[in-house]
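Colleague: I would like to learn how to read the features of a model like this one. Please take them in turn, general idea before the case.

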Amino acid sequence: MTSSKSKTIQTMKPETAAKKLGVLLSATPAEFQAGVVSRDELNQLQATPPAWLADLRRNGPHPKQVVAAKLGVSISGLARGGITEPLTTAEIDALKAENPEWLERERSIQAEARKEALRLKQR
């Protein structure tokens, strides 16, 4: 005898969905912030992003994990460099062009950390 169970729809909070999409929740449309997002809706947003999502990914403002990745530093390195707020793509590009001392230092720290992680992984 088999029982037929209906499939439960997985949902997530807007904060979780925004993090998975790599965008800042406060920059998303109000309807996105107010509702819940199903796994299927998240997959659809990732596969065919609407204009607002494509624009956010392209221009920002970006969350700290995206800013850190674009600058090639850690999130802690951002904090040590005094970057505590979300940045737009233009602000990130300006920072790269300026290449302040803290950014060079944090990039070298990050590069060393990656080398060490690779060395340990190959053991």
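Colleague: What joins the side chains of glutamate 101 and arginine 105?

Modeller: Side chains of opposite charge can pair when their charged atoms come close. Glutamate 101 and arginine 105 meet in a salt bridge, 3.6 Å from N to O. The term salt bridge stands for a side-chain nitrogen of Lys or Arg within 4 Å of a carboxyl oxygen of Asp or Glu. Both residues lie in helix H8, four residues apart, about one turn of the helix. Helices here are DSSP runs of H or I with at least four residues, numbered from the N terminus. This is a predicted model, in which local features need pLDDT of at least 70 and side-chain atom pairs count only at pLDDT 80 or more, while totals for chains, interfaces and linings use all residues. Residues are numbered from 1 along each chain as its sequence is written, and side-chain values use heavy atoms, with hydrogens and water left out.

Colleague: Is glutamate 101 buried or exposed?

Modeller: Relative accessible area decides: buried means under 20%, exposed over 50%, and partly exposed in between, with a 1.4 Å probe and protein chains only. Glutamate 101 counts as exposed because its relative accessibility is 62%.

Colleague: How many salt bridges does the structure hold?

Modeller: The structure holds four. Another of them joins arginine 119 to glutamate 116, with the closest N and O atoms 2.6 Å apart. This pair also lies within helix H8, three residues apart, about one turn of the helix. Arginine 119 is partly exposed at 41% relative accessible area, and glutamate 116 is partly exposed at 35%.

Colleague: Which residue forms a salt bridge with glutamate 106?

Modeller: Arginine 80 does, and the closest N and O atoms are 2.8 Å apart. The pair links distant parts of the chain, since glutamate 106 is in helix H8 (residues 101–121) and arginine 80 is in helix H6 (residues 75–80), 26 residues apart. Glutamate 106 counts as buried because its relative accessibility is 3%.

Colleague: What does glutamine 110 touch, if residues up to four places away in sequence are not counted?

Modeller: Contact means heavy atoms within 4.5 Å. On that basis glutamine 110 touches Gly72, Val73 and Ser74. Glutamine 110 is found in helix H8 and is buried, with a relative accessible area of 18%.

Colleague: Which residues of helix H5 are buried?

Modeller: In H5 (residues 64–71) they are Val66, Val67, Ala68 and Leu71. What covers them includes H6, helix H7 (89–98) and H8. Just after H5, glycine 72 takes a positive phi of about 75°.

Colleague: Which residue other than glycine has a positive phi?

Modeller: Asparagine 99 is such a residue, with phi near 45°. Asparagine 99 is found in the loop between H7 and H8 and counts as partly exposed at 27% relative accessibility.

Colleague: Where is there a cis peptide bond?

Modeller: A cis peptide bond joins glycine 60 and proline 61, with omega about 10°. Proline 61 has its place in the loop between helix H4 (51–59) and H5.

Colleague: How do H1 and helix H3 pack?

Modeller: Two packed helices are described by the angle between their axes and the distance between the axes. The axes are lines fitted to C-alpha atoms over the stretch in contact, and angles run from 0 to 180 degrees between N-to-C directions. H1 and H3 (residues 39–47) pack at about 30°, with their axes 11 Å apart. That angle makes H1 roughly parallel to H3; angles under 35 degrees count as roughly parallel, over 145 as roughly antiparallel, 65 to 115 as roughly perpendicular and the rest as oblique.

Colleague: Which residues make the contact?

Modeller: Ala17, Lys20 and Leu21 of H1 meet Arg39, Leu42, Leu45 and Gln46 of H3.

Colleague: Where is lysine 19 found?

Modeller: Lysine 19 is in helix H1 (residues 14–21) and counts as exposed at 62% relative accessibility. Threonine 16 also lies in H1, but is partly exposed, with a relative accessible area of 34%. The C-alpha atoms of threonine 16 and valine 36, 20 residues apart along the chain, are separated by 9.6 Å.

Conventions. Helix = DSSP H or I, 4+ residues; strand = E, 2+ residues; numbered from the N terminus.
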